[in-house]
Every structure is written in C-alpha cells, then in structure tokens.
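Have a look at the sequence and the structure first.

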Amino acid sequence: MRKVKVALIGVGDISGIYLKNITHTFKEIELVGLCDLIPEKAQKGLAYIEKAIEEGAKVTKPVIYKDMYEAFNDPQVEVILNLTRPYEHYGVTKEALLHGKHVYSEKPLAVDMDEADELVSLAEEKGLLLGGAPDTFMGAGIQTARAIIDKGILGDIVGGTCAMICHGHETWHPDPEFYYKRGGGPMMDMGPYYVTALVQLLGEAKGVMGMTKKTFPTRLITSAPHRGELVDVDVDTHLTGCIEFTNGAIVQICTTFDVYGGQTRFEVYGTKGSMVVPDPNCFGGPVLLYLPEDQAATPAVDPALIKGNNRPDFYRTFKEFPIMFDYAENSRALGLADMCKALVTGRDHRANYKQQHHVLEILTSFTKSCEEKCYIELKTKYERSAAMEHNPIHGILD
C-alpha cells in the first residue's frame, strides 16, 4: 500500500483533529513534516505524534520545517495540507503550486473570486491537484441524504431552508479575531459547510440574491488568552438570501454572528416529501423524513393556535432514516485521504477545486447582490463529484 507524503502548513486550532485522524484513521497518508509561524505550535503538533508513536501508532515521526519554503522544496513532499487562516490560504496555496506541489486547503479556497480564479488557472496550467474542505459532505449523514434524493424518494426538489445562528466565536475560540477580518464572517466561516452540502445534494447553482449587514462595529473577546480585548469588525456578520439551482430548486439561507441563542437548521423539500439534513458541520446523522403518509396521520390542528409549553416539536412526526455510509464520527482529513488516493489511482477526487470554486462564488455573491441590489448570475459551472463507495476497511478509500 503506497502512502502519499504530506506536509502540514499551519498548526492552529483545527490541526488537532487532522493530526488525530492522519495518525490513527487514514492509512494512505504519511505526514512527513510540520510548519507554523509560531514554532511552539509546530512543536505541540510533533509532541502529539511522538506520544502516539510511543503508544503504538505505526506512523513516521515528522520533521519541523523552519518555514513553508523548506517544505515546498522538500522533494519527498507530494501534497501540501494548508491549514492557515482564511486570508492566508491564497498566498500559501499559490506558492505551493508554483513549487509543483498538490494542495489540499481548509475552507475557503480563497477569500475572493480573483484570488480563486488565479489559483484554479495555476493548478490547471501545472496539472496539479487542488481542493479542500469542507469534507463533511463525504460523511455518513450527507451521503445518506444524497442517496435519498438521488433515489427519488423526495420527488422533484422544490426548495430548502438553511440557518446557522449564533453570536460569534469570541466566547470560546482562543484566537477569534480573524473571524471578523477579511475572509471571515459567518457566511465565509460556516457557509461553506451548508453550501457545499447543498451543491452535493442539488447540483449546480445558477444565481444568488442576498441582503447583508454588520450589526456590531466591535466585539469583546471573553475567551482566554485574549479575554478583554476588543476586535474591530471589518466584514458583514448577518447574511441572508436565496440560492437558485439549475434544477429549479430555491433555497433560503441565513448565517449570522449577531443573534443570541444558537441553532442550526437544514431542510430540503420535495414534491413527495421533506427531509431534515444533518448539521453539515458534522459527519454523522440523523437524517429525518416526512412523507405524505406521515401528514395523513397527523392531527388536523393549526400549530400556531397551540399556546405555552404545549407547543409541538415540529420534527416529532418525522421518521429517522437509517444511515447508509461510513464515517459518521469526526473524520476531518477524509477529503485529504481521498485526494491522496486519487493521486495514486488517477481517478477524480471528491473535494476538488471545482466544487470549492463554485461554492466560493455562491458565498461571495450574497454581499455582492446586496451592494449591487440585484440578482447575481453565477459564472462558475459545477458537476457533482462521485458519491462515496463502501470499503470494508475503515480508513482506506475506494
């Protein structure tokens, strides 16, 4: 079994789950090196792997690169795993591509379409693989939801509703400032999970209309180690609008860092039934269905007339659908493993740049629509990548 050699750039907060899964789950990746602008972070990542090796993990001890260029110039490195902050994705990915390395990056591909267009052109010119997160759509939950749609259980898709509602990350994240700077905000941070899942479920989008705003000019950090510091907000933090898909479906979406009382919501409506899609920030379920026979069995009562604590659970009549695929646990690096397998076999990889490019255009079109006060017709084209296939060995891709 050939292992693809990977170097990790940016050993920040998200790197922990990548290191865990590369070390313990995905068997076709070999992490050969780490690099971070803050050397202590790279040392912390190395210490995790050294401890895993002491406990019996059959992995190679990686080196620590003094800078990213040392990684790019390492002839054994095939793929760069770019886990830097969003506004740094473009610069790191571009340099990696220029040095002839394939790149898998955290979301988003870049912070605007000019940067993304340049990265796509460069990867195509050099014949290099380019792609990245989110890879949650490859997990058991979204793949099961996709199978339900593809089998026609919901009929033709009419539309959907997505919502990611919270009051920002400054109450828990150790370094939340970048969420309010260029490349940040709820649509660029959490929107990729929802929109990537949507295009995997419904296919190509054709246009966007949006309205956006910035409610609070500053944010007070209450989490350590920056507790008490104020952050100037440079981006819109409440974004809402509609996405029109080529198949005729219309989906409304809201992402916000301005609202108290966190919740997520993801529903898809068809001519033969409705489905509650799992939180696309996660890999697992549950998937809930509501079909005509379920409606027939429901008492004919107007929910708006039910008062007080007797208000119904609107999902109580939905039925849970069995999960049909692997990777229901937190499987970040699944997309990286899939890219590495594609590099070896020559097949397409699922979390590819065409998907990231299309999703980024959707994400950035909400603010563009609001600024220009018009419907934004999308320029990027998109075809869904292959559905996941079953493999009897967890951690080895098809």
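Which residues does Ile-243 touch, not counting residues up to four places away in sequence? Ile-243 touches Val-195, Leu-198, Ala-205, Gly-207, Val-208, Ala-249, Ile-250, Val-251, Ile-253, Ile-362 and Phe-366, where contact means heavy atoms within 4.5 Å.

Before going on, note that this is a predicted model, in which local features need pLDDT of at least 70 and side-chain atom pairs pLDDT 80 or more, while totals for chains, interfaces and linings use all residues. Residues are numbered from 1 along each chain as its sequence is written, and side-chain values use heavy atoms, without hydrogens and water.

Ile-243 and Met-275 have the most contacts inside the largest nonpolar core, a group of 111 residues. Such a core is a set of buried Ala, Val, Leu, Ile, Met, Phe, Trp, Tyr and Cys residues joined through side-chain atoms within 4.5 Å; buried means under 20% relative accessible area with a 1.4 Å probe, counting protein chains only. Helix H8 (residues 191–202) gives the most to this core, with 8 residues.

Now for the whole chain:

| Feature | Value |
|---|---|
| Buried residues | 55% of the 398 residues |
| Contacts (separation of 6 or more) between residues 24 or more positions apart | 77% |
| Span of the C-alpha trace along its principal axes | about 65 × 50 × 45 Å |

The chain has 11 helices and 17 strands; these are DSSP runs, with at least four residues (H or I) for helices and at least two (E) for strands, numbered from the N terminus.

Conventions:
Buried < 20%, exposed > 50% of the residue type's maximum accessible area, 1.4 Å probe, protein only.
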